[in-house]
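Please read this report alongside the sequence and the model.

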Amino acid sequence: MDLGKLRELLEMELSSTELTLLDDDFYEEFDSLIKALKLRAESSKERGEEVDEQLYLAELSVAEKLVKEILKIRLHKIVDMAFEGRPFNLISDEKRLFSIIMAFIHREEIPAFEEVSIEETKEVEVTSDKRIFNAYILLQDIPKVLDERLREYGPFKAGDLVTLPRTVGHILVQREAAKRISISY
């Protein structure tokens with residue numbers, strides 16, 4: 001792990017409404033990176049290499065800030081998942097956190113800090129004759145918007161009923177610019 005990987009991960013988390021899939025040892029790798037940077041800074045200080053020490057301390061500061069932002073985003077997404085009741089792309093520590101949040105939401109007893117087993121849900125493709133679409137009623141005028149693949153949608157007027165990719169629709173709902181509805185036929 002390095003700063004480049006952390007920046008890339010932050011960009012991926014920012015550009016998606018879903019949790020980015022991480023290696024199960026992500027947090028351990030981050031801890032190792034922090035320890036290594038601290039050791040390098042201390043070692044440089046002992047050798048009297050002030051410039052190297054300052055560089056390692058600056059790297060340490062940037063790494064901590066990047067992970068702090070990644071954690072904020074991931075925690076927000078985990079809370080959203082808990083309200084929806086569908087865990088996806090969680091790693092071990094996050095699974096425990098998810099179970100605690102679920103218990104809190106449902107006013108159940110908070111589980112002890114032991115291994116918690118959470119079965120992740122997967123996207124299910126509808127194979128019956130009855131198709132279900134996510135649609136959105138727009139609450140305000142929306143100019144053209146782009147999805148993650150840079151496809152354009154819009155412009156739309158307040159009151160329009162539209163079908164949009166889930167990622168775009170989710171953002172509009174979060175910003176209270178649209179209301180999600182389900183249509184079945």
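The text below goes through the helix pairs and then turns to local features.

This is a predicted model, in which local features need pLDDT of at least 70, side-chain atom pairs count only at pLDDT 80 or more, and totals for chains, interfaces and linings use all residues. Residues are numbered from 1 along each chain as its sequence is written, and side-chain values use heavy atoms, with hydrogens and water left out.

**Helix packing**

Helices (H or I, at least four residues) and strands (E, at least two) are DSSP runs numbered from the N terminus. Axes are lines fitted to C-alpha atoms, for helices over the stretch in contact, and angles run from 0 to 180 degrees between N-to-C directions.

| Helix pair | Angle | Axis separation |
|---|---|---|
| H1 (residues 3-14) and H3 (residues 50-84) | about 25° | 10 Å |
| H1 and H2 (residues 26-46) | about 140° | 12 Å |
| H2 and H3 | roughly 160° | within 8 Å |

Angles under 35 degrees count as roughly parallel, over 145 as roughly antiparallel, 65 to 115 as roughly perpendicular, and the rest as oblique. H2 is therefore roughly antiparallel to H3, H1 is oblique to H2, and H1 and H3 are roughly parallel to each other.

A crossing is left-handed if the near helix is turned anticlockwise from the far one by less than a right angle, and right-handed if clockwise. H1 passes H3 in a left-handed crossing, H1 passes H2 in a left-handed crossing, and H2 passes H3 in a left-handed crossing.

Contact means heavy atoms within 4.5 Å. Between H1 and H2, the contact is made by Lys5, Leu6 and Leu9 of H1 and Phe26, Glu29, Phe30 and Leu33 of H2. Residues of H1 that meet H3 include Leu3, Leu6, Leu10 and Glu13, with Val62, Leu66, Ile70 and Lys77 among their partners in H3. Where H2 meets H3, the H2 residues include Tyr27, Phe30 and Leu37, and those of H3 include Tyr56, Leu60 and Val67.

**Salt bridge**

The structure holds nine salt bridges (a side-chain nitrogen of Lys or Arg within 4 Å of a carboxyl oxygen of Asp or Glu). One of them joins lysine 77 to glutamate 13, with the closest N and O atoms 2.7 Å apart. This pair links distant parts of the chain, lysine 77 being in helix H3 and glutamate 13 in helix H1, 64 residues apart.

**Backbone geometry**

Most residues other than glycine have a negative phi, and most peptide bonds are trans. Asparagine 89, in the loop between H3 and helix H4 (92-105), has a positive phi near 65°. The peptide bond from glycine 154 to proline 155 is cis, with omega near 5°. Proline 155 lies in the loop between strand E3 (152-153) and strand E4 (161-163).

**Surface patch**

Ile137, Leu139 and Leu161 form a nonpolar surface patch with about 270 Å² of accessible area together. Leucine 139 is in the loop between strand E1 (132-138) and strand E2 (145-146). Patches are made of residues with over 30% relative accessible area and no salt bridge; like charges are joined within 9 Å, and nonpolar side chains (Val, Leu, Ile, Met, Phe, Trp, Tyr) within 5 Å. Accessible areas come from the Shrake-Rupley method with a 1.4 Å probe, and for residues only the protein chains shown count as cover.
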